[in-house]
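Let's take a walk through a protein model together. Have a look at the picture below, and then we'll go through it piece by piece.

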Amino acid sequence: MSVEPVEEAERGKPLVTTLAAAATYYSIAPGVSVNVRSGPGTGYPIVKVLPEGSRVPIHCQTPGTTVTGPYGTTNIWDNIASGQYVSDAYVRTGSDGYIRPRCG
């Protein structure tokens, strides 16, 4: 295993090294607000609601409850933050399958 050197930030400028800085964001279906749940299914509690026009990162994906939405019928759930999942049926990923690693 090799270790790559880390560049130092210029004086007064922060060095961004988080995964969030490199994350790709995906649009939620237009005209809808989407429930964010604590797990990959409709039986999990709603932890918040994403308003129309939201964009989300997808950290990993996992199977769960089958849901029908604007982008088809799927059992794929997208992990958008720790303990936060949305059905892939409401996220415009451009694919009917997995686009990110499975959640472990």
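Predicted model: local features only at pLDDT ≥ 70, side-chain atom pairs only at ≥ 80, totals over all residues.

How many bridges join β1 to β4, and do they run parallel or antiparallel? There are 3 bridges between β1 and β4, and the two strands run antiparallel.

β1 and β4 belong to an open sheet of 3 strands, in the order β4-β1-β8, with antiparallel pairing. As background, strands of a sheet pair through backbone hydrogen bonds.

**A hairpin**

Now look at β5 and β6, which form a hairpin with 2 residues between them. These strands pair in the antiparallel sense too, over 7 bridges. Val67 is a handy spot to check, as its bridge partner in β6 is Thr74.

| Strand pair | Bridges | Direction |
|---|---|---|
| β1 and β4 | 3 bridges | antiparallel |
| β5 and β6 | 7 bridges | antiparallel |

**The core**

Which residues make up the largest nonpolar core? It has 10 residues in all: Tyr26, Ile28, Val34, Val36, Leu50, Val56, Ile58, Ile80, Val86 and Val91. The elements that give two or more residues to this core are β1 (25–28) and β2 (34–37).

Zoom in on Ile80, one of the core residues. Setting aside neighbours within four places in sequence, Ile80 is in contact with Val36, Leu50, Val56, Pro57, His59 and Val86.

**The disulfide**

The count of disulfides comes to 1. Cys60 and Cys103 form this link, with their sulfur atoms 2.0 Å apart. Cys60 lies in strand β5 (residues 60–69) and Cys103 in the segment after β8, so the pair ties together parts that are 43 residues apart in sequence. The link of Cys60 and Cys103 is right-handed, with 95 degrees about the S-S bond.

Are the two cysteines buried or exposed? Cys60 counts as buried because its relative accessibility is 14%. Cys103 has 22% relative accessibility and therefore counts as partly exposed.

**Around the rings**

Finally, a quick look at the aromatic rings. The structure holds 0 aromatic pairs. Still, there's a charge to spot: Arg102 lies over the face of Tyr98, at 4.0 Å from the ring centre.

Technical notes: Residues numbered from 1 in each chain as written. Heavy atoms only, no water. Phe/Tyr/Trp six-rings, centres within 6.5 Å; stacked < 30°, edge-to-face > 60°. Lys NZ or Arg CZ within 6 Å of the ring centre and 35° of its normal. Core = buried A, V, L, I, M, F, W, Y, C linked by side-chain atoms within 4.5 Å. Buried < 20%, exposed > 50% of the residue type's maximum accessible area, 1.4 Å probe, protein only. Helix = DSSP H or I, 4+ residues; strand = E, 2+ residues; numbered from the N terminus. Contact = heavy atoms within 4.5 Å. Pairing = 2+ DSSP bridges. Disulfide = S-S within 2.5 Å.
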